[in-house]
Amino acid sequence: MSEFVAPRAHAEFQYASAEHQRDSALAGMWLFLATEILFFGALFYLWVLLRRWHPLGFHLATADTDLLIGSVNTVIISTAGMVFFWGVQQAKRGQNRPVLLAALASGGLGLVFIGLKLFEWSEDVGKGKWPGQVFQAHGDDIGGQHLFWLLYYAGTALHVVHMTIGVLLVAWIAWRARKGEFKPNFYYPVVAVGLYWSFVDVVWINLYPFIYLLGR
Amino acid sequence: MKALWSDPAVRTTLKTWLVLLALVAGELGAALLGAGIVAPFVGIAMAAIVFAIPMELPSAPNAAKIFALAGLFWLVVMLFGLGTLDPLTRHDQPTHFLSQP
């Protein structure tokens with residue numbers, strides 16, 4: 001008869017150990033991110049193709065984007081990602097207070113990003129850059145410019161949805177850190193959320209050149 | 001401050017952050033100088049750094065590495081491979097409806 005071995009802290013019954021549970025959670029998050037790579041990959045691929053067919057329209061449309069807000073947001077999102085990464089490393093040591101601070105700072109930067117994006121959208125719409133009958137543009141290849149702004153709203157709106165989910169997840173980590181839940185043998189929720197948060201960062205890092213820089 | 005810098009976690013975070021900011025500045029500068037074509041490649045380099053350091057892919061569980069590589073693999077096969085066949089082989093590209101708002 002086998003001897004009963006009590007599970008280690010925070011390992012659910014279906015896992016052999018806390019390490020097994022952590023590795024399963026991280027693999028699950030990477031599986032989800034693989035679907036996200038395909039999801040956003042289609043958007044980038046479409047962008048490359050349409051840009052190739054409409055170089056002039058995309059070039060002219062890029063000049064109408066707000067480079068300052070786009071660049072500031074790139075710095076903000078990169079900073080938010082790195083602040084949370086520092087929190088991940090503190091979580092591995094079981095330090096809850098730094099995790100709380102990192103999550104609050106990172107989530108706050110995320111909210112600033114979303115606020116700036118909303119302001120930029122209102123600016124764009126004010127300039128007549130809203131796809132459809134109301135769309136206004138000058139110069140050649142109006143159709144190409146129109147397509148650029150369609151992709152712009154599709155890409156940035158999808159990103160903001162992901163960003164909003166990320167802010168909620170980071171807030172959830174802050175709440176759990178406040179309760180002192182993370183320990184050296186239980187920190188994988190912070191790592192899993194960090195993976196998602198960094199992926200949202202990666203998406204923006206690649207949207208930035210397509211929206212604001214290419215052809216400027 | 002010295003004690004803070006002696007923490008490897010702080011050092012790694014700060015160094016990575018500074019490299020990312022330098023790359024953002026680099027691609028922005030290149031674009032303003034009329035070399036915006038390099039910007040997407042800088043973006044890919046930054047993504048590789050984020051995958052390697054904050055996302056810790058090299059030290060991730062094997063299953064996680066397989067899933068990450070599977071995402072890239074199917075992206076190449078489905079989109080860049082199969083997806084490119086149509087635009088490369090199409091001779092009647094419908095540009096007429098694309099050229100109107």
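Me: Axes are lines fitted to C-alpha atoms, for helices over the stretch in contact, and angles run from 0 to 180 degrees between N-to-C directions. So what makes the case for how helix 1 of chain A runs against helix 5 of chain A, parallel or antiparallel?

Reply: First, this is a predicted model: local features need pLDDT of at least 70, side-chain atom pairs count only at pLDDT 80 or more, and totals for chains, interfaces and linings use all residues. Residues count from 1 along each chain as its sequence is written, while chains are lettered from A and ligands numbered from 1 in the order in which they are written. Now, helix 1 (residues 18–53) and helix 5 (residues 142–178) of chain A pack at about 165 degrees, their axes 11 Å apart. That makes helix 1 of chain A roughly antiparallel to helix 5 of chain A, since angles over 145 count as roughly antiparallel (under 35 is roughly parallel, 65 to 115 roughly perpendicular, the rest oblique).

Me: Which residues of helix 1 of chain A meet helix 5 of chain A?

Reply: Leu43(A), Leu46(A), Trp47(A) and Leu50(A) meet Leu147(A), Leu151(A), Ala154(A) and Gly155(A) of helix 5 of chain A. Being in contact takes C-beta atoms, placed from the backbone, within 7 Å. By class, this contact has seven nonpolar, one polar and no charged residues; Gly counts as polar, while Ala, Leu and Trp count as nonpolar.

Me: How do you know which way helix 4 and helix 5 of chain A run relative to each other?

Reply: Helix 4 (residues 96–126) of chain A packs with helix 5 of chain A at about 155 degrees, with axes 8 Å apart. Helix 4 and helix 5 of chain A are therefore roughly antiparallel to each other. The residues of their contact divide into 15 nonpolar, seven polar and two charged.

Me: How many residues link the two chains, and which element of chain B gives the most?

Reply: 41 residues of chain B are in contact with 46 of chain A. Helix 4 of chain B gives the most to that side, with 13 residues. By class, the side of chain B that touches chain A has 32 nonpolar, eight polar and one charged residues.

Terms used. Helices (H or I, at least four residues) and strands (E, at least two) are DSSP runs, numbered from the N terminus.
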